[in-house]
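Thanks for making time this morning. I would like to walk you through one model, going from its sheets to its overall layout, so please keep the picture in view while I talk.

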Amino acid sequence: MKVAVLANLKEDAPVSLEDPPGRWDDLDDLVTVEAILDSLQRLGHNARYFPATLDSIDELVRFSPDLCFNSSEGHYGDSREAQMPAILDILRIPYTCAGVLGMSLAHNKAMAKRLFKAANIPTANFFVVENDTRIPNHNLRYPLFVKPAVEGSSIGINESARVNNEDELVRQINWVRSQVDSLILVEEYIKGREFTIGILGDEVLPIVEIVSPTGFYSASQKEDLNSEVYRVCPAELTPQQTTEFQSIAMHAMQVLELKDVCRMDMRMDETGNPYVLEVNPIPLMYPDPLQASLVYAADAAGYSYTDIVKKIIDSAAKRWNLIID
Ligand SMILES: Nc1ncnc2c1ncn2[C@@H]1O[C@H](COP(=O)(O)OP(=O)(O)O)[C@@H](O)[C@H]1O
Ligand SMILES: [Mg+2]
């Protein structure tokens, strides 16, 4: 097949002086795109990279791919992860991962949580702070956790994200506001263990536990390759807990209409209750398993990087009725 890899590279990010630290952290590194291209070529495909921007569209149409391997995070707007899927829908070119609706739902954590509540998928109680900083009346119990409703990579999550009283809450909301232009999500802090669960096609991967010395995973820990955060896979859970968490992950993927691959962040409170934090519709595929939980989990399941790429392509090809040659 002819496969176009679409991505937004960190090195091409439209950096500006007003950007808060970490503004472009969820974009791809060149090594990731190279690893995906290499895998596609090993699988016998004619693969080419295109920056996921409007400037590439003419050339993309000339290349006339059978399928796009979509890793585009986009640059601007709440729709940024949905922008390439929308363009590809107009062009009638098939692509991997979620469509416009799935990308939009997963991108907005508050919207995703409303759907989880409606579908009885456990998620922490929450409220949203709109553009003024007024805190709505609520009955949530402290400690609470404050984060942007529409960002990723722990952008807008620092060491003070967990707050114990209203003073701290107001201070933290003001800090997030100074960092990112986003609705703010305030939810009950889930004290306990943290897990992340990858799904490849229709297969749930072994569960990864994320162990962080501070109890939660802040932006500075995600950036610092030498931080004390480490991963364990398969996580030490009972078979019943493993099955329960994996089926919650599958259900969350279906509810948000995600396709081909995704990664769910979850926590478990001290009495063993699970909670979905958020879902990543385009999980990081950095080729070093130690830097990317999806790759780490796939590795534990015995899958190589090329196997991951193949499973994503196979899943998408099936959905779009493509014959792989
Ligand atoms: N309700 C919560 N309770 C405890 N920790 C949380 C909660 N929400 C987020 N966190 C911590 O913050 C990290 C980042 O939050 P997450 O919702 O996964 O956003 P991101 O898109 O930035 O990864 C999580 O990995 C977790 O450690
Ligand atoms: Mg996360």
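Before the first sheet, a word on terms: two strands pair if DSSP finds at least two bridges between them, and helices (H or I, at least four residues) and strands (E, at least two) are DSSP runs numbered from the N terminus. This is a predicted model, in which local features need pLDDT of at least 70 and side-chain atom pairs count only at pLDDT 80 or more, while totals for chains, interfaces and linings use all residues. Residues are numbered from 1 along each chain as its sequence is written, and chains are lettered from A and ligands numbered from 1 in the order in which they are written.

With that in hand, look at the open sheet of four strands, which has the order E4-E7-E5-E6 and antiparallel pairing. Its edge strands are E4 and E6, the latter covering residues 162–163, and each of them pairs on one side only. E5 and E6 pair in the antiparallel sense over two bridges, and Leu144 has Val163 as its bridge partner in E6. Helix H6, residues 166–179, lies across E4, E5, E6 and E7, and it runs at about 15° to E5; here axes are lines fitted to C-alpha atoms, for helices over the stretch in contact, and angles run from 0 to 180 degrees between N-to-C directions.

In the loop between E4 and E5 we find Pro143, and a cis peptide bond with omega of about 0° joins Tyr142 to Pro143. A cis peptide bond also joins Cys233 and Pro234, with omega of about -5°, and Pro234 sits in the loop between strand E11 and helix H8. Arg92, in the loop between helices H3 and H4, has a positive phi of about 60° although it is not a glycine.

Now to an open sheet of three strands, with the order E2-E1-E3 and parallel pairing. Its edge strands are E2 (46–51) and E3 (67–71), each pairing on one side only, and neighbouring strands of this sheet are turned by 25° against each other on average, direction ignored. E1, residues 2–7, pairs with E3 in the parallel sense over five bridges, with Asn70 in E3 as the bridge partner of Leu6.

How do helices H1 and H10 pack? Their axes are 9 Å apart at an angle of about 75°, and the two are therefore roughly perpendicular, the term for angles of 65 to 115 degrees. The contact, meaning C-beta atoms placed from the backbone that lie within 7 Å, is made by Ala35, Ile36, Ser39, Leu40 and Arg42 of H1 together with Tyr305, Thr306 and Val309 of H10.

Finally, the overall layout. The domain assignment, which is automatic or from a database, gives domain 1 (2–106), domain 2 (125–188) and domain 3 (192–318). The C-alpha centres of domains 1 and 2 lie 30 Å apart, and their contact takes six residues from each of these two domains. The C-alpha atoms of the chain fill a box of roughly 60 × 50 × 40 Å, taken along the principal axes, and the chain has 10 helices and 13 strands in total.

Technical notes:
Parallel < 35°, antiparallel > 145°, perpendicular 65-115°, else oblique.
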